[in-house]
Amino acid sequence: MNERLPPIVIIGGGLAGVFCALKLAPLPVAIIAPAPVGDSGASRWAQGGIAAAVEEGDTPESHASDTVAAGAGLVDYDIALGMAREARARVEELAAMGAPFDRNDQGFFAPSREAAHSRNRVVRVKGDSAGRAIMETLRQQIIRTSSIEYLEGFAAQEIVVRNGRVRGVHVRDKHGNSRFIPSAALVLATGGLGHLYRITTNPLDARGVGVAIAARAGAIIADAEFVQFHPTAMDIDVDPAPLATEALRGEGATIIDRNGHRFLLDVDVAAELAPRDIVARAVFASIRAGRGAYLDARHSIGASFPERFPTVYGSCRNVGLDPVVSPIPIAPAAHYHMGGVWTNANGRSSLEGLWAIGEVAATGVHGANRLASNSLLEAVVFAARAASDIRTTDLSVVGASEPAPPASVGWIDEDLGVIEELRDLMSANVGVTRDAAGLAGALGQLRRLRARAGDIEILNMLTTSTLIAAAAFARRESRGAHFRSDHPVADPTQAQRSRMTLDMALRIADEAQP
Ligand SMILES: Cc1cc2nc3c(=O)[nH]c(=O)nc-3n(C[C@H](O)[C@H](O)[C@H](O)COP(=O)(O)OP(=O)(O)OC[C@H]3O[C@@H](n4cnc5c(N)ncnc54)[C@H](O)[C@@H]3O)c2cc1C
């Protein structure tokens, strides 16, 4: 690694991090990520696309209204409207860089419809390849941009704060060697946290480390309790779990239990086409009751399955399952974190010298539930804003050298056991359905695991889990993606976003213990 790095350091090489670096050019920037550019993070996995009011007759106001409706009372309208207004410009910018978005015969964008959007508003690439195509475009841009130094093979473990200002970050390579990287402006773009849960659609590096290191440095974390679960991930012992796309249900596939009972008919008149969180809860309840849950496409799709849904078919065949003749086992999977490091409209966190962008941030646009395809949009809008904001910052104050953090040697075998225990605990007690007793138990167990954690990566995972569980314990109502079986309805007096520091979360954890 180069000894003299630029004073602007971005942690994470997904869409948010890479776009921010490009917007900062020609200012020198270092990007730190575990894997080569475009090879890590959830961005390249995005299948739907990026939401923007580009269709004739559509407006940013309508996009913002749909966003507010999805967010169950907690979306910051001004922020959502600002994002919707910038959407077309950012999409055009990506297109100008080379992203091959689908267009109609006249050359205009040809957006399609997704759940809870009132218009065709999702800009795609060849149907389901948006994430891969956008990241490949940006990878080419990064290679051509000499002001960007991309450092692969490192993971951030701890933020250093001196005299009330972020001065840099400790990173670690895969052999466990630590190194301090000083910064004048540190940008967290570390993505989501699905891998804190047993079943997730997220890539392995989505472990919530960005939230943890910001919180351990004293930053405010917002909306941590809101985790979106995808109702129909395939439960076929593959980690991460492949998605059985919503389109299957749109084409008539039903959800049944082990006895062939179509249990969603008991729950909602829309049955399998009910909102995602309702389907997720019903599927979770059936599994928890020992009756299992299966997506049955035998009659509705049948022999045309391989041709019409080749990706899902391929995932099934990889494990010896044939969805033409057998129902697919499913389970809800942790998919997206609405909460994260609290930021203002320019991506600034509550700590001087620290910005957060993309899924790791909580800007206020998602509220209690994310509208489909708003996350790629949020990543580019707030990456651009953070870049503008950093340009106005004094970049001469860079941290001095720092000793390595102590907790970087671990008993890896046992730590792997801790991770497995953590993921089971989060899915069972801090997942689709929660209640006071389960959350209190989880907070107690997380405290015991933290006391045992010999490795800083594990400590970070436990820290983020504690923040989610504490915020979920404190919200004694059900709203959006957060469902409390002991408080099953929304309470208007609790219609505020949550904000908490790690100290507050630890206090809640202590008070929750019997
Ligand atoms: C299967 C799937 C489909 C999706 N489809 C869509 C869709 O169609 N439309 C949409 O809008 N959204 C979609 N999403 C959500 C969307 O992909 C993400 O929210 C978005 O890509 C997040 O971008 P990001 O740049 O914040 O994070 P990511 O793209 O996840 O990048 C995070 C980066 O940070 C790195 N990192 C993590 N921890 C560390 C660390 N400690 N140190 C250094 N680097 C670290 C990672 O390796 C990675 O490089 C989907 C998500 C999934 C999982």
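This is a predicted model: local features need pLDDT of at least 70, side-chain atom pairs count only at pLDDT 80 or more; totals for chains, interfaces and linings use all residues.
Local features require pLDDT of at least 70 and side-chain atom pairs count only at pLDDT 80 or more, while totals for chains, interfaces and linings use all residues. Residues are numbered from 1 along each chain as its sequence is written.

The protein chain contains 14 helices and 18 strands, both taken as DSSP runs numbered from the N terminus (helices H or I, at least four residues; strands E, at least two). The C-alpha trace spans about 65 × 65 × 50 Å along its principal axes.

Of the 514 residues, 54% are buried. A residue is buried if 20 or more other C-beta atoms lie within 10 Å of its own, exposed if 12 or fewer, and partly exposed in between, with C-beta atoms placed from the backbone. Among contacts with a separation of 6 or more, 73% join residues 24 or more positions apart, a contact being two residues whose C-beta atoms, placed from the backbone, lie within 7 Å.

The largest nonpolar core has 167 residues; such a core is a set of buried Ala, Val, Leu, Ile, Met, Phe, Trp, Tyr and Cys residues joined through C-beta atoms within 7 Å. Helix α13 (residues 456–474) supplies the largest share of this core, 12 residues. Residues with the most contacts inside the core include Phe19, Val341 and Ile357.

Helix α12 (residues 436–452) has 17 residues and reaches 25 Å from its first C-alpha to its last. The buried residues of α12 are Gly438, Leu439, Ala442, Leu443, Leu446 and Leu449. Viewed down the helix axis, these buried residues fall within an arc of 135 degrees, so they line one face of α12; the arc is that of the directions from the helix axis to the C-beta atoms. Exposed residues Ala437, Arg448 and Ala451 are on the face turned away from the buried side.

The protein chain is divided into domain 1 (234–335) and domain 2 (412–512), with bounds from an automatic or database domain assignment. The domain centres, taken over C-alpha atoms, are separated by 28 Å. Five residues of domain 1 are in contact with four residues of domain 2. Helix α7 (residues 276–288) contributes four residues, the largest share of the side of domain 1 that touches domain 2.

Conventions
The expected span of a helix is 1.5 Å times one less than its number of residues.
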